[in-house]
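Reader: I am new to this one. Could you walk me through it, a question at a time?

Author: Gladly; have a look first, and then ask away.

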Amino acid sequence: MAARYYDGVTADVQDVTLKVTSHELLINRSEDSALVARWPVAELVVLGDSHHEAVPPLALRGSEARLVVEDPAWRAQLVSLVPALKPLALEPVKVAPRLGTYSLAIVALVGLFWSAIEYGTEYAVPLLPYTLQAKLGETVLDGLLADKETCQGQAGLAAINRLANDLAREAGYRHEVTVHIVEGGPVNAFTLPGSILVFYSDLITQAKDSSQVAGVLAHEIGHVVHDHPIKGVARAYGIDLLFKVLTGGYSDILSTFGTGGGALLAMRNGRAFEREADATGVRLLEQRGLRADGVSTFFEQMIEKEPSDAASAAGIWSSHPPTRERIEATKRPPTGRPAFSAAEWQALRNVCK
Amino acid sequence: MAPTSVPATAPPQGPAAAPGSAWSPDLTPSQPVYDGRLGELYAIYLRHLAMMLVTLGWSRFWGRTRIRRYVWNHLSVLGDRFEYRGRGIELMIGFLLALLLVAAWSGLMYLVWLYVFHEKPFATFGLFDLFSLSVVLIGFPLAYVGHYAGLRYKLSRTRWRGIRCGMAGSAWGYGAIATFLQFANAMTGYLLTPVVSVNLARPRIVNTRVGTQGFTFAGRAGDIYGRYLGYYFLNIVAWIAAAVATFMAIGGTIETLGFSSDDFLKLFAHPSLHTVVVVLLIAFAAYLVFGLLILPLRCWWQAYLLRYLVTHSRADNVLFATAISTWQMWGFLVLNYLIVLLTLGLGWPWVMHRTMKLIAGQLWIYGAPQGSEIRQPTDRGPGYGEGLLDMFDVSGV
Ligand SMILES: [Zn+2]
């Protein structure tokens with residue numbers, strides 16, 4: 001059996017022949033049959049295996065010397081003499097069936113992963129310690145408010161926080177909700193993890209009446225009681241992870257690409273969340289016997305101001321459903337008690353003064 | 001049977017022997033041989049992907065190691081195969097250490113924010129701004145440090161004829177030089193590129209070791225400045241031409257189809273198959289203009305630079321050469337990029353295979369080392385690997 005021998009001390013190559021006795025591997029130089037080394041069979045190790053290495057080197061345990069047997073027939077013969085050297089000549093890989101199996105496994109795993117993100121967050125997120133969510137929300141809030149003026153009118157803040165917590169309790173929500181009001185625009189409001197609501201004062205000053213503010217507030221409470229903010233974070237993280245793993249984590253460009261796809265999916269989740277928040281908000285107002293037409297009239301007012309309907313124009317790129325669709329879904333008669341007392345509403349309108 | 005290299009084509013003009021040497025050195029040409037098969041590599045890669053999904057990515061250290069074992073051992077030089085002896089656990093430890101480093105840095109930034117910026121009248125930015133700014137600032141130099149350290153790890157786990165390879169020099173020193181040179185280059189409108197290329201190639205070449213055998217590099221930036229200036233100005237001309245051509249093409253398309261900008265927005269938001277096709281055609285046309293003018297020019301320069309770097313490197317009496325062409329460089333830089341991108345990463349093994357084939361086909365080695373002169377090195381290299389590299393996600397295999 002011919003082989004190449006590296007002594008592990010220098011980069012010299014020696015062509016050698018091998019002979020296996022009952023307990024030793026004899027290595028002789030090919031040209032003059034001089035004995036180069038005798039390796040005890042019990043201490044032979046194969047470095048790697050023939051599925052990965054083209055020719056797995058043979059070594060003496062703990063030594064840096066190497067034997068390389070290029071000829072597969074001779075390697076097979078060596079294995080038949082010393083079965084412990086099996087990794088030298090494994091059954092060759094049948095490539096096509098293996099590729100098929102792994103492809104199927106990958107498709108199945110992606111499906112599994114996907115459903116875990118889609119449905120798992122629904123059940124897993126409420127298990128997340130609430131203090132952690134609150135901490136996250138506060139950190140984000142700190143960053144957001146760093147260069148903004150907040151409104152500090154005591155009575156106004158008390159009014160909006162009172163209604164927010166009434167509505168949250170109506171939904172059986174157990175945590176305290178906090179509403180912050182930021183001076184200026186845009187006409188918008190949003191919810192952070194940890195039951196933190198942020199309203200822009202423009203939304204309050206441009207509202208036709210208190211029912212519109214109450215409608216938007218109820219919508220945001222809808223987000224709060226369904227844990228939407230933290231679910232959104234969890235889903236975005238899960239989708240990001242899936243993309244990273246699928247692309248092998250091999251390329252920046254790809255993960256950027258993946259992030260784009262991930263953002264699109266997050267938007268899709270966003271639209272489902274908005275519909276749920278709309279429905280819950282209106283339901284909570286109705287349950288408390290309050291006027292519930294504020295959401296739809298608020299949207300109508302928005303659409304009058306901006307007839308092209310940004311959400312509809314943005315289509316699949318929008319995080320919100322088309323406004324007309326939301327108006328239809330939330331349309332209610334203008335009946336019921338006002339959500340804010342006259343004094344509360346007055347205070348809320350002056351919250352920034 | 002050893003995979004000996006039978007030159008299929010005539011070797012390129014070899015580097016001239018050092019003048020004044022009295023004896024005529026052995027300059028027998030040979031080429032590396034890569035005998036890996038694409039199907040086998042894919043089988044290993046897909047197994048790796050499946051494991052990644054099961055372990056949420058934590059198996060990547062072991063997966064990468066398996067891929068390296070395959071690629072290294074299917075490449076041989078002078079009939080002797082490379083051997084990769086790295087272990088997945090070493091990569092994971094490196095990753096965890098880098099993670100610790102980032103955590104420590106985050107903590108430091110938090111303290112800075114808390115005591116310097118938080119609730120101060122002049123505070124105009126939050127914790128996140130501070131953290132991302134600091135990551136950009138340290139991330140750039142650290143990427144170079146990580147690159148060098150990763151190279152050192154890979155070489156220290158590589159053996160040829162049973163002899164460990166290695167990399168001397170300081171990764172932090174390399175990071176400092178690289179950061180400084182890249183910064184200076186950007187400040188001077190990229191007119192320093194030859195200086196940067198040569199001075200970043202040198203430490204990597206001269207610090208590479210095969211056992212006790214080092215490499216030397218005789219390149220000088222002055223040699224390649226002429227070609228670079230030619231490339232520099234042609235590049236400017238090509239950009240202008242490409243911009244003009246693209247504007248004319250897009251303007252023409254919109255006009256002939258009679259779109260207003262409003263229609264455009266609508267189409268963008270609610271893409272029909274028709275729109276998607278039109279957008280793809282426009283993107284393809286823009287790519288074509290860009291690809292036809294700019295990228296080949298860039299490949300022309302890159303191929304020239306690589307030929308220069310290779311032919312000016314040597315290991316004692318062993319010389320190197322390559323005749324890599326602009327077209328082959330295009331296949332390496334542009335086509336490989338497109339393959340990975342268009343297959344969402346699944347084409348990666350194919351790109352690896354193509355790259356190994358390119359190395360085997362285009363690198364020429366003149367002469368053979370005197371094996372008995374090269375000894376096993378005494379140091380064993382770093383105990384763990386590639387943490388920073390993994391962190392910045394630029395490592396490939
Ligand atoms: Zn909402």
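Reader: How many bridges pair β2(A) with strand β3 of chain A?

Author: Keep in mind that this is a predicted model. Strand β3 covers residues 24-29 of chain A, and its pairing with β2(A) is antiparallel. A hairpin of three residues joins β2(A) to β3(A). The number of bridges in this pairing is five.

Reader: Which residue in β3(A) is the bridge partner of A:V16?

Author: Strand β2 of chain A spans residues 14-20, and β2(A) runs antiparallel to β3(A). Within β3(A), A:V16 finds its bridge partner in A:R29.

Reader: Which residue in β2(A) is the bridge partner of A:R4?

Author: Strand β1 of chain A, residues 2-6, is antiparallel to strand β2 of chain A, and four bridges join them. In β2(A), the partner of A:R4 is A:D15.

Reader: Which residues are the protein donors of the zinc ion?

Author: Their spacing in sequence reads H-x3-H-x50-E, and they lie 2.1 Å from the ion.

Reader: Where do A:H223 and A:E274 sit, and how many residues apart are they?

Author: A:H223 belongs to helix α6 (residues 210-225) of chain A, and A:E274 to helix α8 (residues 252-287) of chain A. The pair thus links distant parts of the chain, and the separation is 51 residues.

Reader: What share of the residues of chain A counts as buried?

Author: Chain A holds twelve helices and ten strands. Its accessible surface is about 16,600 Å², with 59% belonging to carbon and sulfur atoms. Of its 353 residues, the buried share is 47%.

Reader: How confident is the predictor in chain A, and over which residues does pLDDT stay under 50?

Author: The average pLDDT of chain A is 84, and 89% of the residues score at least 70. Residues 313-317 of chain A fall below 50, with 16 contacts beyond near neighbours in sequence. Another stretch under 50, with 20 contacts beyond four places in sequence, is residues 250-257.

Reader: Which strands are at the edges of the open sheet in chain B?

Author: Seven strands make up this antiparallel open sheet, in the order β2-β3-β4-β5-β6-β7-β8. An edge strand pairs on one side only, and those strands are β2 (33-34) and β8 (213-214) of chain B.

Reader: At about what angle does helix α6 of chain B run to β7(B)?

Author: Strands β6 (residues 163-167) and β7 (residues 208-210) of chain B are paired antiparallel over three bridges. Helix α6, residues 193-206 of chain B, lies across β6 and β7. The angle between helix α6 and β7(B) is about 25°.

Reader: Is B:I365 buried or exposed?

Author: B:I365 is in strand β12 (residues 363-366) of chain B. Beyond four places in sequence, its contacts include B:T28, B:V77 and B:F320. With a relative accessible area of 4%, B:I365 is buried.

Terms used:
Residues are numbered from 1 along each chain as its sequence is written. Chains are lettered from A and ligands numbered from 1 in the order in which they are written. This is a predicted model: local features need pLDDT of at least 70, side-chain atom pairs count only at pLDDT 80 or more; totals for chains, interfaces and linings use all residues. Side-chain values use heavy atoms; hydrogens and water are left out. Helices (H or I, at least four residues) and strands (E, at least two) are DSSP runs, numbered from the N terminus. Buried means under 20% relative accessible area, exposed over 50%, partly exposed in between (1.4 Å probe, protein chains only). Accessible areas come from the Shrake-Rupley method with a 1.4 Å probe; for residues, only the protein chains shown count as cover. Donors are N, O and S atoms within 2.8 Å of the metal (3.2 Å for Na, K and Ca); water is not among the atoms, so sites may look incomplete. Two strands pair if DSSP finds at least two bridges between them. Contact means heavy atoms within 4.5 Å. Axes are lines fitted to C-alpha atoms, for helices over the stretch in contact, and angles run from 0 to 180 degrees between N-to-C directions. pLDDT is the predictor's confidence in each residue, from 0 to 100.
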